[in-house]
Amino acid sequence: FMFHPEELPTVAREATDSFLAFVDSEDGDAARALGDSLERRGLGDSSQIALLLRLHQFCSSIPTNDDSADAKGLLTLVERFAASLVSGFGAAREEEIIAEQEQLRHALSTAIESQSRELFVKNHAIATAISGIVLADLDGRVTYVNRAFLTLWGYQSADEVVGKGFDGLWDDEDGRRILDRIVSRGGWVADHTGRKADGMGITVSLSASVIRDPSGAAIGIMASLVDMTERKHLETQMQQVQKMDDLGRLAGGIVHDFNNLLTAIGGYLQLLLLEAPPDSKLARDLTQIKIAVDRGTGLTKQLHYFTRQATGTKKLISLNDIVNETVALLNHSFPPGISIDLALSADLWMIEADSNQMSQVLMNLCVNARDAMSSGGVLTLRAENRVLDEFAASRLEGARPGAFLVLSVKDTGTGIDPATAA
């Protein structure tokens with residue numbers, strides 16, 4: 001705070017009263033107390049000196065009886081009083097300086113602690129982020145990678161990556177182009193194919209930007225990477241499912257029209273059989289035609305199930321019958337190079353299930369097996385009874401002890417490639 005000029009007359013009176021008391025007692029405590037008070041009230045150094053000079057001048061102008069003894073004695077008291085007042089003033093000033101330094105130290109310590117905590121949180125957030133984080137300089141040399149990146153790219157430690165080129169993380173034709181786009185445009189967001197530590201490809205969503213200092217100058221690159229391999233795979237599967245759904249709806253309409261034709265043909269056959277002599281050649285021919293029509297009707301029923309345009313309810317069924325019906329349909333659609341072997345238990349237990357759904361599941365498995373045998377092969381369908389005890393059930397995830405039917409579909413195809421299996 002600042003000392004207000006209007007307080008000067010008050011200070012002058014206080015200084016005079018204190019000096020007169022000092023003359024009587026030569027007690028410096030009162031003078032030091034006054035100096036302390038004046039400093040804390042904001043009296044400046046120059047004002048203090050001016051006040052003491054006026055006091056010295058006033059005492060020097062007082063007439064004395066003899067030549068100099070009284071005058072020298074009075075001036076000596078002035079000097080002692082001034083020394084005591086300055087001592088109190090200086091002590092108070094020193095305390096204030098120390099207090100200000102302590103406040104400054106505390107404020108500085110708090111600011112440093114806050115910045116350190118903020119920096120720790122930022123660094124920890126980057127280090128523990130679930131997305132892969134890469135920092136690089138403007139020349140593309142990697143300076144930092146987090147743990148998620150090491151896991152994503154298949155590296156064991158950051159030393160395997162730090163110091164290498166950012167463009168080396170991608171396919172040869174993409175690496176340099178990606179780096180150039182980030183630097184020239186200030187950022188880049190797109191899906192790219194990376195090259196993992198083992199040489200395998202990985203599809204990632206790249207979101208990168210240029211790091212700038214407070215003045216706006218570019219000083220580096222930061223990139224965030226998210227694994228998109230599984231998502232791309234699922235998108236491809238969804239597209240295939242959509243195509244199958246579209247094909248199913250188209251086939252369902254055709255099957256419906258074809259079934260109507262077979263119904264009409266079957267009706268006329270029934271009328272012809274009623275008119276034909278029972279043991280005649282015509283009756284036998286008409287009977288064979290009816291058997292063929294009935295088979296065609298069975299095929300359209302299976303196609304209805306396959307295109308998901310028919311529903312059913314759970315009931316006791318024979319899995320062997322489902323397998324035989326499915327195989328009858330497959331024989332019309334499988335290429336000649338694929339043979340179907342059946343290993344069906346004769347005493348197979350009955351099960352309670354939806355025959356339509358069971359047929360559809362088996363059909364899907366068989367179609368997948370067919371696609372895996374592009375050069376031909378053998379498809380084996382096996383159905384058998386099995387009882388699982390506690391030990392056997394514990395070795396199968398999600399299984400429980402009890403009596404079950406086992407339906408297995410085995411093919412001699414190429415199998416799943418290592419990249420898909422990984």
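**Helix pair and cores**

Helix α9 passes α10 in a right-handed crossing, meaning that the near helix is turned clockwise from the far one by less than a right angle. This is a predicted model, where local features need pLDDT of at least 70 and side-chain atom pairs count only at 80 or more, while totals for chains, interfaces and linings use all residues. Residues are numbered from 1 along each chain as its sequence is written, and side-chain values use heavy atoms, without hydrogens and water.

Helices (DSSP runs of H or I, at least four residues) and strands (E, at least two) are numbered from the N terminus. The axes of α9, residues 319-330, and α10, residues 355-372, come within 10 Å and cross at roughly 50°; axes are lines fitted to C-alpha atoms over the stretch in contact, with angles from 0 to 180 degrees between N-to-C directions. The two helices are therefore oblique to each other, the class left after under 35 degrees (roughly parallel), over 145 (roughly antiparallel) and 65 to 115 (roughly perpendicular).

Now the cores. A nonpolar core is a set of buried Ala, Val, Leu, Ile, Met, Phe, Trp, Tyr and Cys residues joined through side-chain atoms within 4.5 Å, buried being under 20% relative accessible area with a 1.4 Å probe, protein chains only. The largest has 25 residues, and Phe149, Trp153, Phe166, Trp170 and Leu225 have the most contacts inside it. Strand β4 gives this core its largest share, 5 residues. A second, separate core of 15 residues includes Phe334, Ile340, Leu362 and Cys366.

Terms used
Buried < 20%, exposed > 50% of the residue type's maximum accessible area, 1.4 Å probe, protein only.
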